[in-house]
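Please consult the sequence and the coordinates alongside each point.

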Amino acid sequence: MRSFICKNLAERLNLPVTRKEHLLVYTFGNREPNEKIFDVVKVIISNKNQPDKSAECELLVSDTITNAVLPTPNLTIEKLIKTNHMAQSDLCLSQNNKEMNVLIGADLYWQFHTGCIKRINKNILC
């Protein structure tokens, strides 16, 4: 339920660290967690097509988010997205840069899609 930013991007944006956070991180296949200490930064993220759907976010700074190379949508898909007035979730401004720099978690997902977050109980957000 947390959101992350790649350390390289946080440094390029010169984002000040607001605090540190200790997390127990479970990785795939491991039964025991690793304790990690993350820097926390604040940013405002907005949709360039719908600026009213923006949010001030606390992001955990991570050395890497993933090493996977993610494909970018082809032009047919991009046209379909624009025609149907949808927002592209994995916007890549360059065909050469396929690195993931921000990972939006469930803690912010609904904020961007509906403009609000509702807490149903201490464990469930919508």
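1. F4 stands opposite L60 in β4. Strand β1 (residues 4-6) and β4 run parallel and are joined by three bridges. Helices (H or I, at least four residues) and strands (E, at least two) are DSSP runs, numbered from the N terminus; two strands pair if DSSP finds at least two bridges between them.

2. The model is predicted: local features need pLDDT of at least 70, side-chain atom pairs count only at pLDDT 80 or more, and totals for chains, interfaces and linings use all residues. Residues are numbered from 1 along each chain as its sequence is written, and side-chain values use heavy atoms, with hydrogens and water left out.

3. The strands form an open sheet of five, in the order β2-β3-β4-β1-β5, with mixed pairing. Because β2 and β5 (102-103) stand at the edges with a single partner strand each, one side of each is left without a neighbour in the sheet.

4. Two antiparallel pairings involve β3. Eight bridges connect β2 with β3, and V25 has N34 in β3 as its bridge partner. Seven bridges connect β3 with strand β4 (residues 54-62); here the bridge partner of I45 is A55 in β4.

5. What is the volume of the second largest pocket? It is about 490 Å³. A pocket is an open set of points on a 1 Å grid over the protein atoms alone, where a 1.4 Å probe fits, with protein on both sides within 12 Å along at least five of seven lines; lining residues have an atom within 4 Å of a point. Grid points are joined across faces, edges and corners, and the volume is the space filled by probe spheres set on the points.

6. Of the 14 residues lining the second largest pocket, F4, V25, Y26, T27 and I65 lie nearest its centre. The elements giving two or more residues to this lining are β2 and β3 (34-46), and β2 supplies the largest share, three residues.

7. N14 lies in the loop between α1 (7-12) and β2 (17-25). Its phi is near 55°, a positive value in a residue other than glycine. Most residues other than glycine have a negative phi. N14 counts as exposed because its relative accessibility is 66% (buried means under 20% relative accessible area, exposed over 50%, partly exposed in between; 1.4 Å probe, protein chains only).

8. A106 lies in helix α3 (residues 106-114) and, at 47% relative accessibility, counts as partly exposed. The C-alpha atoms of A106 and M1 are separated by 4.9 Å, although the two are 105 residues apart along the chain.
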